[in-house]
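This report walks through side-chain contacts and strand pairing in one protein model. Please keep the sequence and the coordinates in view while reading.

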Amino acid sequence: MADLLEWPKKDNRRLLHVVYRVGDLDRTIKFYTECFGMKLLRQRDIPEEKYANAFLGFGPEETHFVVELTYNYGVTSYDIGDAFGHFAIATQDIYKLVEHIRGKGGNITREPGPVQGGTTLIAFVKDPDGYTFGLIQRPTVHDPFCQLMFRVGDLERSIKFYEKALGMKLVRKVDKPEYKYTVAMLGYGEEHETTVLELTYNYGVTEYSNKGNAYAQIAVGTDDVYKSAEVVNQVIQEVGGKITRQPGPIPGLNTKITAFLDPDGWKTVLVDNVDFLKELK
């Protein structure tokens, strides 16, 4: 058992992409490429299943965290809910980026300025579907797509889940009692070098009733889907969660995956690293 729980720390893991739904694929692609400077990496239409998707990011999928946008035929809007927070993009000049987005007709919901109780410069914008993107000024930017924030009902439980089940490390934790919240940053590298999950606990809120139907899941690479699923299953017995797809190949693609929910119901899909690279060819 101890050896099995060591596996996620030894595994070759990386945050691959985040999946969420949009009401107009072309509109969102235009916004992300023109306002944020993302590139359209690949796009596909699956008429027999009545959906289309597009992958966008700031670099190739082999090395960068990207978004996978899903458009379901005939569905023009979604409920984002109150549990999902925001995405974040790092930039070396936040004022320049905000003015660029404003010039393209973007909705600036918070002008650039220091974060509450700190000195880091941030701003917020909303995309055409209502998803919030935080902008963060940093002196050096590796992958601009730097954070994914959602809210949890028990921060210590969530930290334990992502550390044990997914092999992430806690890179930073900040408690803000004056604002009644605590945040924890978890990822596979240092916060300024890689994309991290920002888990937010608001004092006294142990669960969120409305997760909406817009946000879907994150995908994480692994060298062994089957072994990783065993670990997840063990951790779920300890802290909660649920396996939603047993490990195995996807029909048609043959990419091996497993899927599960964390104790708050947030979904992760583990994807075989070799199979993932084959998909990109």
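## Aromatic pairs

Tyrosine 162 has a relative accessibility of 1% and therefore counts as buried, the limit being under 20%. The model in which this value was computed is a predicted one. Phenylalanine 161, with a relative accessible area of 0%, is buried as well. Phenylalanine 161 and tyrosine 162 form an aromatic pair of the edge-to-face kind, with 5.4 Å from centre to centre and 75 degrees between the planes.

In total, the structure holds 21 aromatic pairs. One of them joins phenylalanine 87 and tyrosine 131, whose ring centres are 6.0 Å apart and whose planes stand at 50 degrees, so that this pair is tilted. Phenylalanine 87 belongs to strand β5 whereas tyrosine 131 sits in the loop between β7 and β8, so the pair ties together parts that are 44 residues apart in sequence.

Strand pairing within a sheet goes through backbone hydrogen bonds, in either a parallel or an antiparallel arrangement. Strand β7 (residues 121-126) and strand β8 (residues 132-137) pair in the antiparallel sense over 5 bridges, and phenylalanine 124 has glycine 134 in β8 as its bridge partner.

## Strand β9 and its neighbours

Of the 7 residues of β9, 6 are buried, so this strand is largely enclosed by the rest of the structure. Strand β5 (residues 84-91) and β9 run antiparallel and are joined by 5 bridges, with histidine 86 having methionine 149 in β9 as its bridge partner. Between β9 and β12 there are also 5 bridges, but these two strands run parallel; here phenylalanine 150 has leucine 199 in β12 as its bridge partner.

Threonine 200 is found in strand β12 and is buried, its relative accessible area being 5%. Once its neighbours within four places in sequence are left aside, threonine 200 is in contact with Met149, Phe150, Arg151, Val152, Thr182 and Val183.

## Salt bridges

How many salt bridges does a search of the whole structure find? The search finds 15. One of them links lysine 9 with glutamate 6, the closest N and O atoms being 3.5 Å apart. Both residues lie in helix α1 (residues 2-10), 3 residues apart, which is about one turn of the helix. Lysine 9 counts as exposed at 60% relative accessibility, whereas glutamate 6, at 33%, counts as partly exposed.

The side chains of glutamate 61 and arginine 42 meet in another salt bridge, with 2.6 Å from N to O. Because glutamate 61 lies in the loop between β3 (51-57) and β4 (66-72) while arginine 42 lies in strand β2 (residues 39-46), the pair ties together parts that are 19 residues apart in sequence. Both glutamate 61 and arginine 42 are buried. Arginine 157 forms a salt bridge with aspartate 264, where the closest N and O atoms are 3.4 Å apart. Arginine 157 belongs to helix α4 (residues 155-166) and aspartate 264 to the loop between β15 (256-261) and β16 (267-272), so this pair ties together parts that are 107 residues apart in sequence. In this pair, arginine 157 counts as partly exposed at 26% relative accessibility, and aspartate 264 counts as buried at 12%. A network of salt bridges also links Glu99, Arg102 and Glu111.

## Charges over rings

Lysine 211 lies over the face of tryptophan 266, at 5.2 Å from the ring centre. Lysine 227 lies over the face of tryptophan 7, at 4.6 Å from the ring centre.

Conventions:
Residues numbered from 1 in each chain as written. Predicted model: local features only at pLDDT ≥ 70, side-chain atom pairs only at ≥ 80, totals over all residues. Heavy atoms only, no water. Salt bridge = Lys/Arg side-chain N within 4 Å of Asp/Glu carboxyl O. Helix = DSSP H or I, 4+ residues; strand = E, 2+ residues; numbered from the N terminus. Buried < 20%, exposed > 50% of the residue type's maximum accessible area, 1.4 Å probe, protein only. Pairing = 2+ DSSP bridges. Contact = heavy atoms within 4.5 Å. Phe/Tyr/Trp six-rings, centres within 6.5 Å; stacked < 30°, edge-to-face > 60°. Lys NZ or Arg CZ within 6 Å of the ring centre and 35° of its normal.
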